[in-house]
Amino acid sequence: MRSNLVAGNWKMCGDSASIGKLVAEMKASLPAEPGVDIAVFPPSVYLAQVLVGLSGSPVAVGNQNVCDQPSDGAYTGEVSASMLADVGCRYVIVGHSERRAMCGETSEQVAQKAKQALLQGLIPLVCVGETEAQRDEGATLEVISAQLKPIFSTLSAEQLRLIVVAYEPVWAIGTGKTASPDQAQEVHAFIRALFSKKDELLAKGLRILYGGSVKAANAGELFAQADIDGGLVGGASLDAQEFSAICRAA
Ligand code: PEP
């Protein structure tokens with residue numbers, strides 16, 4: 001009922017030469033019908049290059065961020081959802097912990113970004129996750145619940161049906177420390193239960209990705225968990241062979 005999704009977040013990495021090489025290697029290493037949804041998120045200046053390079057392949061393209069405002073206007077440096085849809089993006093990441101920490105993005109802004117994305121037909125990957133200190137205090141589920149609250153109050157029931165949630169414990173991102181399958185499953189089951197309070201069918205259809213030092217060696221056991229529907233992959237998505245092995249594990 002839920003199709004798995006593997007998403008590669010290339011963060012602020014690469015240049016036109018290395019990205020051209022990565023795209024060519026990805027096309028060569030992924031099967032034409034991978035049996036899983038796949039998306040990559042290049043730095044936005046390389047979107048056009050990647051969209052052209054991956055056209056005709058099963059890999060969709062998305063941006064790592066989107067403006068929380070609806071249309072053309074005086075928002076220097078921002079990129080709107082309509083622009084991303086216009087160039088052919090299918091997805092957008094909102095609320096990545098690096099943006100929450102570095103740019104001070106609040107959960108309310110993240111919900112507005114998700115809404116703008118949905119209004120333009122883009123699928124938002126809504127990232128949530130606790131810091132190490134919050135986990136140590138036993139506040140993980142409380143933090144996740146608070147981060148999702150504005151999503152529930154901002155999006156309509158129809159819009160909630162279209163989003164993807166990515167659980168990314170901050171302490172596992174780029175650190176090589178992965179949440180154990182049990183730790184991840186506990187939070188994923190909690191997230192699904194939050195959505196089931198809204199609507200049981202919605203919760204059953206919701207795709208919840210795990211992110212945080214996913215690699216080929218640990219993807220299989222993570223994706224085998226009942227409530228894990230794929231992964232949001234950072235560092236390992238910059239290596240085409242490793243990324244395709246992760247896609248195969250899904
Ligand atoms: C990420 O950037 O979303 C991420 C999960 O990074 P990494 O896989 O490198 O931990």
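Q: Which residues of α5 meet α7?
A: S107, E108, A111, Q112, A114 and K115 in α5 meet A146, Q147, K149, P150, I151 and T154 in α7. Contact here means that C-beta atoms, placed from the backbone, lie within 7 Å. Helices are DSSP runs (H or I, at least four residues) and strands are too (E, at least two), numbered from the N terminus.

Q: What is the model, and how are residues numbered?
A: This is a predicted model, where local features need pLDDT of at least 70 and side-chain atom pairs count only at pLDDT 80 or more, while totals for chains, interfaces and linings use all residues. Residues are numbered from 1 along each chain as its sequence is written.

Q: Back to α5 and α7. How do they cross?
A: The axes of α5 (residues 107–119) and α7 (residues 140–154) come within 8 Å and cross at roughly 40 degrees. Axes are lines fitted to C-alpha atoms, for helices over the stretch in contact, and angles run from 0 to 180 degrees between N-to-C directions. That angle makes α5 oblique to α7, a class left over once angles under 35 degrees (roughly parallel), over 145 (roughly antiparallel) and 65 to 115 (roughly perpendicular) are taken out.

Q: How do the contact residues of α5 with α7 divide?
A: Into 5 nonpolar, 4 polar and 3 charged. Ala, Val, Leu, Ile, Met, Phe, Trp, Tyr, Cys and Pro count as nonpolar, Asp, Glu, Lys and Arg as charged, and the others, Gly among them, as polar.

Q: And what about α11 and α12?
A: The axes of α11 (residues 216–223) and α12 (residues 240–249) come within 9 Å and cross at roughly 15 degrees. So α11 is roughly parallel to α12. A216, A219, G220 and F223 of α11 make the contact with E242, A245, I246 and A249 of α12.

Q: New topic: how many strands close into the barrel?
A: 8 strands, in the order β1-β2-β3-β4-β5-β6-β7-β8, with parallel pairing. Two strands pair if DSSP finds at least two bridges between them. The twist averages 25 degrees from one strand to the next.

Q: Where does UniProt put the active site?
A: The unreviewed UniProt entry places this feature at H96 and E168. They span 73 residues in sequence, yet no two of their C-alpha atoms are more than 8.3 Å apart, so they gather at one spot.

Q: Where is H96?
A: H96 is in the loop between β4 (91–94) and α4 (97–103).

Notes
Two residues are in contact if their C-beta atoms, placed from the backbone, lie within 7 Å. UniProt positions are given in the numbering used here, feature names are shortened, and annotations may be inferred rather than shown by experiment.
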